[in-house]
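Please have the sequence and the structure to hand while reading.

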Amino acid sequence: MKKPIFVLNGPNLNRLGTREPQIYGTTTLSDIEAMCRKEVPGQEIDFRQTNHEGELVEWVQEAIEKASGIVINPAAYTFTSMALLDSLKMFPGPIVEVHISNIHKREAIYHHSYVSPVATAVIAGLGAAGYMAAIRAVSEMVSS
């Protein structure tokens, strides 16, 4: 049986749709989950969100055994978490880092990602559509 793709979301993404809509839009995380599932029918997706760094690290560790690929929007942990970087280094499959906003057009604090060095690809600035591009790419990578 084909392993699922883990779609992991970091802090404050549970507030999408109402949180700074001028930056993140009005699409909710539930909307994004539904769009991801529709984008790759037949592919199992394990979609999760947490506001806790340790939980995100534990999910990456779980993915080592259980997932074929990871789509991850680490949110603020992108710029702060060496623990997340270290856990992602252990994952053997494709990792696509996703950001709703273009982090490179924002304040300098958002320009350095600890995740990018271990990511297979990085998608930033496409809004919620970035998730669809990411899930499609990971699905294609694990199918070939």
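What covers the buried residues of α4? The cover includes α3, β3 and β4 (95-99), where elements are DSSP runs numbered from the N terminus, helices being H or I of at least four residues and strands E of at least two. The model is predicted, so local features need pLDDT of at least 70 and side-chain atom pairs pLDDT 80 or more, while totals for chains, interfaces and linings use all residues. Residues are numbered from 1 along each chain as its sequence is written, and side-chain values use heavy atoms, without hydrogens and water.

**Helix α3**
- Helix α3 spans residues 53-66.
- L56, V57, W59, V60 and A63 are the buried residues of α3, buried meaning under 20% relative accessible area and exposed over 50%, with partly exposed in between (1.4 Å probe, protein chains only).
- Viewed down the axis of α3, these buried residues fall within an arc of 155 degrees and so line one face of the helix; the arc is that of the directions from the helix axis to the C-beta atoms.
- E58 and E65 are exposed on the other side of α3.

**Helix α4**
- In α4, the buried residues are L84, L85, S87 and L88.
- Their arc around the axis is only 165 degrees, which puts them on the same side of α4.

**Cover of α3**
- The buried residues of α3 are covered by elements including β1 (5-9), β2 (45-49), β3 (69-73) and α4 (82-89), contact meaning heavy atoms within 4.5 Å.

Conventions:
The expected span of a helix is 1.5 Å times one less than its number of residues.
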